[in-house]
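I opened the notebook to record what I looked up, chain by chain. The entries follow the order in which I checked things.

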Amino acid sequence: MSHPKGTLTRNTTAARINHWLTAGCFVLLMLSGLSMFDPMLFFLSELFGGGQWARAVHPWIGTVLLVSYAGLIVQFWRDNLWSRDDVMWTLAINRVLANEEEDVPEVARFNAGQKFVFWSMALLVPALFVTGVVIWDVYFSPYTTIEQQRIAVLIHSMAAIAAIIVWITHVYAAIWVRGSVRAMTQGYVTPGWAWRHHRKWLRRLAATGSTGPKPRAGGNTPRT
Amino acid sequence: MADLQSQDYIRRSASTMTPPSVRDHEQEVAKLIDVSRCIGCKACQAACMEWNNLRGEVGHFEGSYDNPMDLDPNTWTVMRFTEWEDEQGNLEWLIRKDGCMHCEDPGCLKACPSPGAIVQYANGIVDFISENCIGCGYCVKGCPFNIPRISPVDHKSYKCTLCSDRVGVGLEPACVKACPTGAIMFGSKSDMTAWAGERIVDLKSRGFANAGLYDPPGVGGTHVMYVLHHADRPSLYAGLPNKPHISVFVDVWKGLIKPMALAGIAFTAVAGFLHWVVAGPNEVQPEDEAAAQRLLHAADEPP
């Protein structure tokens, strides 16, 4: 995609496709999963053609999501490594929430909140997959005991609820911080957006003459 | 079936309905299996297949009287044979007809996510309404007796219906009708309990001091009861649970977790909305763009 002049690439095309594949799977999994979680939400199974279809398709979508999320981990893990600055940023979360970011420690490509979402899902997705396989009755019921399946379905439910809560946080943050949605749909942000929210990232791009998302290899060390 | 008897539902899976209540004079029924009178002829198995039109695949001899070896979607009742030596060294051949116990507090029904796939009638029978079954296997996890079996062919769950179609028109279940020794009896639960009492007195007089009725309170009692010569040790009878109850994992999953999940999701969503109202969107200001341009152009120039 061609970006307007002077803007920075926040997410590559591959990363964006990967993200939206994951997002689509997540939403479908949430709808079909909730239909089987609470009777009041059983009507959601109609979106999939009825209860049998919701039950049958849910684990397959989950399998796609696992692979898709693995792709996101490969692309984003390095920028999500925890640093000392993240602790300072987290301690200043009240300022962040109040939209007063001036005195908050400068943020590299991802802030501590984004890292929290990333690593939460990196933990929850495999947990959901493993417990999901145990309760994937059609293919895997002979390999575990009923007691193991009971434990698996309980963990699966709790992990799913946790993932939904993380997801709500993620979606709201994207709506709240203007320009974030476009960063993931069209892939670009303005330099001002980067200055405001990810100043350390911007400094590294500027120092190496890169237009994002990564600093140019072999460039100067970032100015801080 | 479902429609004819829907006024008799007292419980319906995944539903918050108030059950129709005007027809409330139905007696609770029970099947009483007197293990001490069973000769292991399997007439009950044959009658069950016959009445319910079940024809499982012909299997192989497995070196045991058990045939087939386990319940399956086509086998809703099976005789389980146990050879047991008592403390005096006497061999006892314990034969138990296994199948759905029709719990008063049915774990399968509580675990089922599909409205109306599992129902309980006023007479106590727990029935699977296959048209509503989605094949998820939750009933398997809910059941304390390991009874429901999911068909790999049509992905529906199956088990003994206590011949609800026969009972509904005043007939006794097929297995009861076929039993040649009267080891399987059927009637009102109170009659069956009274009859079991007589049998237990008789058994005790014959030296079975621990004879008793198996009507486990952990599941609110059952509508299939056993007379056992060793009621103090039900597990002797091919692993009949000593104290069956719905698993604590199922209780938490179907109980505690639901309101907590709803509260957690609602809290997060409301917190987000309130933040929007109080703090509002975080928008890039012209100063930010200007500062960014200064930085970028500073980088352009050689140091």
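**Helix α2 of chain A.** I am working with a predicted model. Helix α2 of chain A covers residues 51-76, which is 26 residues. From its first C-alpha to its last I get 36 Å, close to the 38 Å expected.

Where does α2(A) kink? I find a kink of about 30° at A:Val57.

**Chain A as a whole.** I counted ten helices and two strands in chain A. Read from the N terminus, the order is β-α-α-α-α-α-α-α-α-β-α-α. Along the principal axes, the C-alpha atoms fill a box of roughly 60 × 40 × 35 Å. Chain A has 224 residues, and 38% of them count as buried. I also checked contacts in chain A with a separation of 6 or more: residues 24 or more positions apart account for 60% of them.

**Helix α10 of chain A.** Is α10(A) mostly covered or mostly exposed? I find it mostly covered, with seven of its ten residues buried. The buried ones are A:Arg199, A:Trp201, A:Leu202, A:Arg203, A:Arg204, A:Leu205 and A:Ala206. After α10(A) comes A:Gly209, with a positive phi near 65°.

**Where chain A touches chain B.** I get 44 residues of chain A in contact with 43 residues of chain B. On the chain A side, the elements giving two or more residues are α2, α6 (137-140), α7, α9 (191-197) and α10 (199-208). Which of them gives the most? It is α7(A), with 15 residues. By class, the chain A side divides into 26 nonpolar, eleven polar and seven charged residues.

**The α7(A) and α8(B) pair.** I took helix α7 of chain A (residues 146-176) against helix α8 of chain B (residues 257-278). Their axes come within 10 Å and cross at roughly 5°. Angles under 35 degrees count as roughly parallel, so α7(A) and α8(B) are roughly parallel to each other.

Which residues meet here? From α7(A) I noted A:Ser157, A:Met158, A:Ile161, A:Ile164, A:Ile165, A:Ile168, A:Thr169, A:Tyr172 and A:Trp176. From α8(B) I noted B:Ile257, B:Ala261, B:Gly264, B:Ile265, B:Thr268, B:Ala269, B:Gly272, B:His275 and B:Trp276. By class, this contact has twelve nonpolar residues, six polar and no charged ones.

**B:Trp51.** My last entry is a residue in helix α1 of chain B (residues 43-52), namely B:Trp51. Is B:Trp51 buried or partly exposed? I count 18 C-beta neighbours inside 10 Å. A buried residue needs 20 or more, and an exposed one has 12 or fewer, so B:Trp51 counts as partly exposed. Leaving out residues up to four places away in sequence, B:Trp51 touches B:Cys163 and B:Ala174. I also checked B:Pro173, which is 122 residues from B:Trp51 along the chain. The C-alpha atoms of B:Trp51 and B:Pro173 are separated by 9.1 Å.

Key: Residues numbered from 1 in each chain as written. Chains lettered and ligands numbered in written order. Predicted model: local features only at pLDDT ≥ 70, side-chain atom pairs only at ≥ 80, totals over all residues. Helix = DSSP H or I, 4+ residues; strand = E, 2+ residues; numbered from the N terminus. Expected span 1.5 Å × (residues − 1). Bend = angle between axes of the 7 residues up to and from the residue. Axes fitted to C-alpha atoms, helices over the stretch in contact; angles between N-to-C directions. Parallel < 35°, antiparallel > 145°, perpendicular 65-115°, else oblique. Contact = placed C-beta atoms within 7 Å. Nonpolar A, V, L, I, M, F, W, Y, C, P; charged D, E, K, R; others polar.
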